[in-house]
Amino acid sequence: MKRPAKLAIVVIATGVIAVLWPPIPQPLEYHLFADERPCAGIGNCLNVLSNIPFAIVGVLGLAATFARTRREAIFADPWERWPYAALFAAAFLTAAGSSYYHVAPDNARLTWDRMPMSIGFGGLLTALLAERVGVVIARRLFVPLLAAGAASVVYWHWSELRNAGDLRPYLVVQFGSLLLAVLLLVFYPARYPGTAYFVGGLVAYAVAKGFEVADGELFALGQIVSGHTLKHLTAAGGVACLVAMLRMRSRRTEHGSGAA
């Protein structure tokens with residue numbers, strides 16, 4: 001079976017499962033985090049401040065993407081910088097959206113946390129499509145993927161307002177994008193160096209989700225730091241892997257072993 005057919009089967013199967021699965025409302029207990037300690041007048045202090053690394057890696061990523069002396073060296077096609085720009089801009093906006101949410105967690109504020117994240121998933125997937133499959137298909141899917149991510153959050157918020165909460169589209173965007181990213185890494189050869197950085201970023205995100213699930217259990221170990229705070233730090237570390245990858249590519253091209 002050819003590689004595009006395998007990806008198509010995964011996409012279709014994911015869509016069918018999402019349609020057949022019953023609607024998934026947002027559990028209200030999701031907003032009850034283990035560490036609610038205030039500091040410096042900020043409620044849920046560590047869950048708020050732990051978003052700062054997202055802003056830092058977002059700025060560093062945009063700088064690496066658009067640095068004039070590196071841009072052509074990193075990307076064989078200049079258009080390829082735009083998916084990374086979307087990803088890093090989303091990381092920066094996640095710092096603002098997640099901080100806003102964690103000050104006073106509820107469904108309305110959670111919308112502003114999830115919106116930039118959903119756009120970031122689309123940026124990551126499009127970047128991999130451009131590098132592994134082809135720039136033409138990536139350019140065609142770039143805006144639709146970003147729009148689908150944003151629409152999934154809008155739909156979820158709208159469904160909650162109707163007392164018929166449904167997270168299915170957002171979950172498809174989040175976990176479907178990451179599943180396709182893994183398959184692209186497995187099935188398609190790299191045109192650029194740095195696959196290990198992609199793998200490191202995905203592993204970091206998986207670990208971050210584990211920290212999220214173990215929020216209370218980790219906080220109970222001495223009440224020092226909660227799992228959700230560690231989730232923010234680890235997820236930002238996953239984005240930092242991609243920043244390091246672009247900087248590594250730039251250094252390689254400067255020494256004569258650049259993009260294929």
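Welcome to this structure, and let's start at phenylalanine 88: setting aside neighbours within four places in sequence, this residue is in contact with Val57, Gly58, Gly61, Leu62, Thr65, Val239, Leu242, Val243 and Leu246. Please keep in mind that the model is predicted.

**The nonpolar core**

- Phe88 is among the residues with the most contacts inside the largest nonpolar core, together with Tyr84, Phe198 and Leu246. That core has 54 residues.
- Helices H3 (52-66), H5, H6 (107-133), H7 (135-161), H8 (168-187), H9 (195-213) and H11 (227-254) are the elements that each give two or more residues to this core.
- With 10 residues, H6 gives the most to this core.
- As general background, nonpolar side chains in soluble globular proteins tend to be buried together.

- Helix H5 covers residues 81-103, which makes 23 residues.
- From its first C-alpha to its last, H5 reaches 34 Å, close to the 33 Å expected at 1.5 Å a residue.

**Charged pairs**

- The count of salt bridges comes to six.
- As a general point, side chains of opposite charge can pair when their charged atoms come close.
- One of the salt bridges brings together the side chains of aspartate 35 and arginine 37, at 2.8 Å from N to O. Aspartate 35 counts as buried because its relative accessibility is 1%, under the 20% cut-off. Arginine 37, at 35% relative accessibility, counts as partly exposed.
- Another salt bridge pairs arginine 191 with glutamate 80, at 3.0 Å from N to O. This pair links distant parts of the chain, 111 residues apart: arginine 191 is in the loop between H8 and H9, while glutamate 80 is in the loop between helix H4 (71-74) and H5. Arginine 191 is partly exposed, with a relative accessible area of 29%, whereas glutamate 80 is buried, with 2%.
- Aspartate 166 and arginine 168 also meet through their side chains in a salt bridge, at 2.7 Å from N to O. Here both aspartate 166 and arginine 168 are buried.
- Lys209, Glu212 and Lys231 form one network, joined by salt bridges that share partners.

- The structure holds one disulfide. Cysteine 39 and cysteine 45 are the two residues joined, with 1.7 Å from S to S.
- Cysteine 39 counts as partly exposed, at 31% relative accessibility, whereas cysteine 45 counts as buried, at 2%.
- Alanine 40 is found in the loop between helix H1 (3-20) and helix H2 (45-49). Its phi is near 55°, a positive value in a residue other than glycine. At 80% relative accessibility, alanine 40 counts as exposed.
- Asparagine 44 also has its place in the loop between H1 and H2. This residue has a positive phi of about 50°, although it is not a glycine. Asparagine 44 is buried, with a relative accessible area of 11%.
- For context, most residues other than glycine have a negative phi.

- Valine 133 lies in helix H6 and counts as partly exposed, at 38% relative accessibility. Apart from neighbours within four places in sequence, valine 133 is in contact with Leu128, Leu184 and Tyr188.
- Between valine 133 and asparagine 107 there are 37 Å in space, C-alpha to C-alpha, and the two are 26 residues apart in sequence.
- Alanine 236 is found in helix H11 and is buried, with a relative accessible area of 2%. Apart from neighbours within four places in sequence, alanine 236 is in contact with Pro53, Phe54 and Val57.
- A separation of 9.2 Å lies between the C-alpha atoms of alanine 236 and alanine 208, which are 28 residues apart along the chain.

Technical notes: Residues numbered from 1 in each chain as written. Predicted model: local features only at pLDDT ≥ 70, side-chain atom pairs only at ≥ 80, totals over all residues. Heavy atoms only, no water. Disulfide = S-S within 2.5 Å. Buried < 20%, exposed > 50% of the residue type's maximum accessible area, 1.4 Å probe, protein only. Helix = DSSP H or I, 4+ residues; strand = E, 2+ residues; numbered from the N terminus. Expected span 1.5 Å × (residues − 1). Core = buried A, V, L, I, M, F, W, Y, C linked by side-chain atoms within 4.5 Å. Contact = heavy atoms within 4.5 Å. Salt bridge = Lys/Arg side-chain N within 4 Å of Asp/Glu carboxyl O.
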